[in-house]
Amino acid sequence: PPPVDLAAGHLQGLTVCVDPGHGGNEPGATGCDGTREAVVNLAIAQALKDELERMGARVVMTRTADVDVSLAQRVQIAVAAKADLLISVHNNSLPDGRDPWKEHGASSYFYHPQAIELAKVLKDRLVRDSGLPDFGSRFQNLFLCRPTNMPAVLVEVGFMINPDEFAQLINPEFRARVASSLAQSLRSYIVGAAGN
């Protein structure tokens, strides 16, 4: 575990790479009013950055505007920063033929075994704090999580195509609550890792 001064109640010594998914020519899913997922992802990621920095962590963002950043570049940014953790913030969608009223909620995804616990901690607290349904935490062969040594997790906060969840995702107060939840769960994960 990173040399974090947990006794002081903060995350000084921890470096987190926060990745707002999509951006630029890759807008992601589209909400009912035309809002692009990339915009929502960035808003949540920036709020998460602020929360983590208040806790004393060093935060590196893969993008801070609606610009193109390749998946390889995102991983390179995390590696170059010597990040202890990589968290990619997304919001979900479904392929044609699936029912967004039945399949929705918060979820998280990992590739390497060392990220399983982080994915579970992030998703469990997000479900608890947001009131969103539990859509699971599972293995997925995602580029962003695959080539990294540090624990890397992709979090799908909610579903852009579910009208009820989308209404919350465009609410700044809800996004702030999500960011606080993710930051607190990261701290819980670090405390647990340090205790093992």
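This is a predicted model: local features need pLDDT of at least 70, side-chain atom pairs count only at pLDDT 80 or more; totals for chains, interfaces and linings use all residues.
We begin with the aromatic rings. Rings of Phe, Tyr and Trp count as a pair if their centres lie within 6.5 Å, and by this rule the structure has three aromatic pairs. One of them joins Phe110 and Phe139, whose ring centres are 6.4 Å apart. The planes of these two rings make an angle of 70 degrees, and the pair is edge-to-face. Phe110 belongs to strand E4, residues 106-110, while Phe139 belongs to strand E5, residues 134-139, so the pair ties together parts that are 29 residues apart in sequence.

Are the two partners buried or exposed? Phe110 has a relative accessible area of 10%. Buried means under 20%, so Phe110 is buried. Phe139 has a relative accessibility of 46% and therefore counts as partly exposed. Ring pairs also bring in Tyr111, which forms a cluster with Phe110 and Phe139.

Another edge-to-face pair is made by Phe135 and Phe159, with 5.2 Å from centre to centre and 85 degrees between the planes. Phe135 lies in strand E5 and Phe159 in strand E6, residues 152-159, so this pair ties together parts that are 24 residues apart in sequence. Both Phe135 and Phe159 are buried. Phe135 has a charged neighbour as well: Arg138 lies over the face of its ring, at 5.3 Å from the ring centre.

Asn92 is located in strand E3, residues 85-92. With a relative accessible area of 10%, Asn92 is buried.

Next come the nonpolar cores. Which residues of the largest nonpolar core touch the most other members? They are Val18, Leu52 and Val157, in a core of 43 residues. Helix H5, residues 172-195, supplies the largest share of this core, namely eight residues. Not counting residues up to four places away in sequence, Val18 touches Ala45, Leu48, Leu52, Val59, Val60, Met61, Thr62, Ile87 and Val89.

Key. Residues are numbered from 1 along each chain as its sequence is written. Side-chain values use heavy atoms; hydrogens and water are left out. Rings of Phe, Tyr and Trp (its six-membered ring) pair if their centres lie within 6.5 Å; planes under 30 degrees apart count as stacked, over 60 as edge-to-face and the rest as tilted. Helices (H or I, at least four residues) and strands (E, at least two) are DSSP runs, numbered from the N terminus. Buried means under 20% relative accessible area, exposed over 50%, partly exposed in between (1.4 Å probe, protein chains only). A charge sits over a ring if NZ of Lys or CZ of Arg is within 6 Å of the ring centre and within 35 degrees of the ring normal. A nonpolar core is a set of buried Ala, Val, Leu, Ile, Met, Phe, Trp, Tyr and Cys residues joined through side-chain atoms within 4.5 Å. Contact means heavy atoms within 4.5 Å.
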